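Biologist: Here is a model to go through. Please set each label against its definition as we go.

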Amino acid sequence: MSSETLAKVPAAPEIPERADALTIVPQRRLGQWIAAVAVLVLLGLAVDSVLRNKAFQWNVVADYFTSDSVLRGLWLTLWLTAVVMVLGFALGALLAAFRLSANPVLRAVSWGYVWLFRSIPILVQLLLWFNIGALYPQILGVKTVNLLSPVAVAVVGLTLHEAAYAAEVVRGGILSVDRGQIEAAQALGLSRWRRWRRIVLPQAMRSIVPPAGNMLIGALKGTSIVSVIAVNDLLFSAQLIYHRTYQVIPLLMVATLWYTLVTSVLGVGQYYVEKHYARGTESAR
């Protein structure tokens, strides 16, 4: 190569000896900042419109927020949610065990139950149970007319409904456990109960807790549907008041604020339970 050709070749850029000599220029994200400011402005306008709108009658909301009738309805809502979730997951765990059984009859029964109760809307289920006396006037010689109170109908209907979903949640959590670990526990001579308690259940809970927490919050809000069968829950208590005072919007806001407050508390509890069962994994960091 001639000297003239070498002269035309550009010289290679000098590379700094140390990496810290490089200047790192952060990428400008102007569009994202503009979008964030626009969202904050719109959010502020929405909050301001709610707080300053006289139609909400916030003074009425404050008067009824801790009234005796509202608190009694709130207590029934919480009690109903707790009972339904406990009974629903107990029945759901049994159905999940049936579904994972080697017995084809048990598997078919479990599948059929889940299919049926997930197919029928919960409102229809409650109305059917509420009118069970019209469908079956007697069961085993017992008259069914007025046999179940509205609260009992709500417990039965919601429990059977939640059990169908709980069964799939529990089954999915069990199936998420690596089969090799169960086989290793068998090789070590651990009993069936110890395998489930020490190996399967702790790992399955990592997959069960998040959807179970969502089910709990959904069940809390779903209890409002029992107002159609005159169960004196939180929403029905608010309805009784505004049917008398005609202050519909503020009483609905009372129920809304209580639902929001309770679901927020449950959400915080769900976070810590998930963190407990996620110990030792990357998701716990």
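Biologist: What makes the distance between the end C-alpha atoms of helix H2 (residues 30-52) agree with its 23 residues?

Modeller: The expected span of a helix is 1.5 Å times one less than its number of residues. For H2 that gives 33 Å, and the end C-alpha atoms are 33 Å apart, so the two agree. Helices here are DSSP runs of H or I with at least four residues, strands are E runs of at least two, and both are numbered from the N terminus. This is a predicted model, in which local features need pLDDT of at least 70 and side-chain atom pairs pLDDT 80 or more, while totals for chains, interfaces and linings use all residues. Residues are numbered from 1 along each chain as its sequence is written, and side-chain values use heavy atoms, without hydrogens or water.

Biologist: Why is Leu-257 called partly exposed?

Modeller: Its relative accessible area is 33%, which falls between the cut-offs of 20% and 50%, so the label applies. Leu-257 belongs to helix H12.

Biologist: What does Leu-257 contact, leaving aside neighbours within four places in sequence?

Modeller: Trp-58, Val-61 and Phe-65, where contact means heavy atoms within 4.5 Å. Leu-257 and Val-61 are 196 residues apart in sequence, with their C-alpha atoms 9.4 Å apart in space.

Key: Buried < 20%, exposed > 50% of the residue type's maximum accessible area, 1.4 Å probe, protein only.
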